[in-house]
Amino acid sequence: MRKALHLCEQAIAAVARVDLHAATPQALALGALGLQRHIDRMKALHATVLTAADNAKVWQGSGARNIADWLSTSTNTSYGDAVGRKKLADLLDKSPELADAVGKGEISAATAETLHDTIANPPAGADIGELIDAVKGAGPRDAKAAAELWKDIVTNETDQEREERRYQLRSVRSSAPADGMVTT
């Protein structure tokens, strides 16, 4: 693992040495898009390693409640990001097809995360591969909409069950006002 991480460090250092002020617009576009693809692949790889670390219980004895708590505390990242990565890890572990699509860059990590609820709880007898093929190249918002539509099409829910499921999904969110002002 140390050797592999050292190679990652070398690759990051090589990209960091590029003189961005001397780069052409085409080179900058290549860098911006290429790095995003690598970031998505690294998120998926990180999620896979996180699953293995969780299975090995690396967090036990650290005072952490779970792998997400351990990750956020050990890396000073937000607990929400760590939970999101764990959800991605669970999702990729559950669906090798999705893991393959993310690994190949056909689906971004953010898009895969929006599919969590649908893939974690698919309708009985549904072909998840169908959904994965349908969202290749889609952004998170479009993938989420496609997943909802796909779920509606393949589900065996009655109208009453569908209405109850949607009712249970409702929510209200609030956050602290950024400017100190509150509107109602």
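Modeller: Contact here means heavy atoms within 4.5 Å. The model under discussion is predicted.

Biologist: Which elements cover the buried residues of helix 3?

Modeller: Helix 2 (25-55) and helix 4 (79-94) are among the parts that cover them. The buried residues of helix 3, which spans residues 67-75, are Ile-67, Ala-68, Asp-69, Leu-71 and Ser-72.

Biologist: Why is Asp-54 called buried?

Modeller: Asp-54 has 14% relative accessibility. Buried means under 20%, so Asp-54 belongs in that class. This residue lies in helix 2. When neighbours within four places in sequence are left aside, Asp-54 is in contact with Trp-59, Ile-67 and Lys-86.

Biologist: How do you know that Asp-54 and Lys-86 form a salt bridge?

Modeller: The N to O distance between their side chains is 3.1 Å. A salt bridge requires a side-chain nitrogen of Lys or Arg within 4 Å of a carboxyl oxygen of Asp or Glu, so the pair qualifies. Salt bridges link Asp-54, Lys-86 and Asp-90 in a network.

Biologist: How many salt bridges does the structure hold?

Modeller: The structure holds five salt bridges. One of them joins the side chains of Lys-104 and Asp-100, at 3.2 Å from N to O.

Biologist: Why is Lys-104 called exposed, and why is Asp-100 called partly exposed?

Modeller: Lys-104 has 55% relative accessibility, and exposed means over 50%, so Lys-104 is exposed. Asp-100 has 39%, which falls between the limits of 20% and 50%, so Asp-100 is partly exposed.

Biologist: What makes Glu-106 and Lys-136 a salt bridge, and where do the two residues lie?

Modeller: Their side chains meet at 3.3 Å, N to O, and the cut-off is 4 Å, so the pair is a salt bridge. Glu-106 lies in the loop between helix 5 (96-103) and helix 6 (109-114), and Lys-136 in the loop between helix 8 (128-135) and helix 9 (140-154), so the pair ties together parts 30 residues apart in sequence. Glu-106, at 31% relative accessibility, counts as partly exposed. Lys-136 is partly exposed as well, with a relative accessible area of 35%.

Biologist: Which residues have the most contacts inside the largest nonpolar core?

Modeller: They are Leu-98, Ile-107, Leu-115 and Ile-119, in a core of 21 residues. At least two residues of this core come from each of helix 2, helix 4, helix 5, helix 6, helix 8 and helix 9. With neighbours within four places in sequence left aside, Leu-98 is in contact with Leu-91, Leu-92, Ile-107, Ala-112, Leu-115, Ile-119 and Ile-132. A second, separate core has eight residues, including Ala-53, Ile-67, Ala-68 and Leu-71.

Conventions: Residues are numbered from 1 along each chain as its sequence is written. This is a predicted model: local features need pLDDT of at least 70, side-chain atom pairs count only at pLDDT 80 or more; totals for chains, interfaces and linings use all residues. Side-chain values use heavy atoms; hydrogens and water are left out. Buried means under 20% relative accessible area, exposed over 50%, partly exposed in between (1.4 Å probe, protein chains only). Helices (H or I, at least four residues) and strands (E, at least two) are DSSP runs, numbered from the N terminus. A nonpolar core is a set of buried Ala, Val, Leu, Ile, Met, Phe, Trp, Tyr and Cys residues joined through side-chain atoms within 4.5 Å.
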